[in-house]
Amino acid sequence: MQKLSVVMPTNHLFGEEKDYKCDIHGAYRGWERNHNCPDCDEIEERKERAAAAAKRNAKIAASRWSECGMPAKFCGITLGDWKAETQEQVKAKQFAQSFATGDITRMLLIGNCGTGKTMLAAGIIGQMALGNHLPTYMTATRMIRAIRDTWKNGTSEQEAMDKFINADVLVIDELGAGRCTEDDKLILSEILCDRYAIDKPTLLISNLTAEQIKATVMDERAIDRMREGGKIVPMMWKSARKAGLEV
């Protein structure tokens, strides 16, 4: 015996269609048993889609942060996580945003320990990693050591330098933190000058002043090229780490 399918009338499922009023969007027509405001529903759906997209982006960023060489402590940080409370901090964050979007191609963050320089750089890296860039992060000491240790893996010093020269975006942290020989100074200056020649974005981070960097870390050629179209961003406020200890 053939089984007959039963089609329930629409009004049995949803009740009758009636007039309703939303406190935000005004009058609308809806079903008796499912009469949410369609405009409110659309707004909620947009929020859910945005949250899902943000979650996907966070996963993409997390995987790319490690590729960039960022320490685990800073992986997952975005520019939105960097809190700007003073006028100077707001300005620093604006410059960081300009670098991340490509409006600035050379930038130097200087300031005392604990002022958030590396965290700000991590936010820049995170934003650029979500786009079409894959930044390379390394401390100055590790970069020089990687170039000096080329004899161990059979590559030339120039080949090792070329990895940094041709990096999509190069972020060098702790500039001037260790002893810098004349040869080290020459290597760093050559990398910066060659990156300038091919117009690659470069971000430098240091606890030294601009004058100290000029005297001990880079030669005049590199200073001049970093200066052209670049920005020095002073981050001279009180250390957040010291403030935390005092509370």
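Helix 7 and helix 8 make a right-handed crossing; a crossing is right-handed if the near helix is turned clockwise from the far one by less than a right angle, and left-handed if anticlockwise. This is a predicted model, in which local features need pLDDT of at least 70, side-chain atom pairs count only at pLDDT 80 or more, and totals for chains, interfaces and linings use all residues. Residues are numbered from 1 along each chain as its sequence is written, and side-chain values use heavy atoms, with hydrogens and water left out.

Stay with this helix pair. Helix 7 covers residues 157-165, and its axis lies 9 Å from that of helix 8, at an angle of about 50 degrees. Axes are lines fitted to C-alpha atoms, for helices over the stretch in contact, and angles run from 0 to 180 degrees between N-to-C directions. Helix 7 and helix 8 are therefore oblique to each other. Angles under 35 degrees count as roughly parallel, over 145 as roughly antiparallel, 65 to 115 as roughly perpendicular and the rest as oblique.

Glu157, Gln158, Met161, Phe164 and Ile165 of helix 7 meet Ile187, Glu190, Ile191, Asp194 and Arg195 of helix 8. Contact means heavy atoms within 4.5 Å. By class, these residues are five nonpolar, one polar and four charged.

Helix 8 spans residues 182-197 and holds Asp184. Asp184 counts as buried because its relative accessibility is 12%; buried means under 20% relative accessible area, exposed over 50%, and partly exposed in between (1.4 Å probe, protein chains only). Leaving out residues up to four places away in sequence, Asp184 touches Ile144, Arg148 and Arg179.

Now move to strand 5, residues 169-173. Five of its five residues are buried. In a regular strand the side chains alternate between the two faces of the sheet. Val169, Val171 and Asp173 point one way from strand 5, while Leu170 and Ile172 point the other way. Strand 5 runs parallel to strand 4 (residues 135-139), joined by five bridges. Here Tyr137 stands opposite Val171. Strand 5 also runs parallel to strand 6 (residues 202-206), joined by three bridges. There Leu170 stands opposite Thr202.

Helix 3 (residues 87-100) packs against helix 4 (residues 117-130) at about 30 degrees, with axes 9 Å apart. The two helices, helix 3 and helix 4, are therefore roughly parallel to each other. Their crossing is right-handed. The contact of helix 3 with helix 4 has seven nonpolar, two polar and one charged residues.

Technical notes
Helices (H or I, at least four residues) and strands (E, at least two) are DSSP runs, numbered from the N terminus. Ala, Val, Leu, Ile, Met, Phe, Trp, Tyr, Cys and Pro count as nonpolar, Asp, Glu, Lys and Arg as charged, and the others, Gly among them, as polar. Two strands pair if DSSP finds at least two bridges between them.
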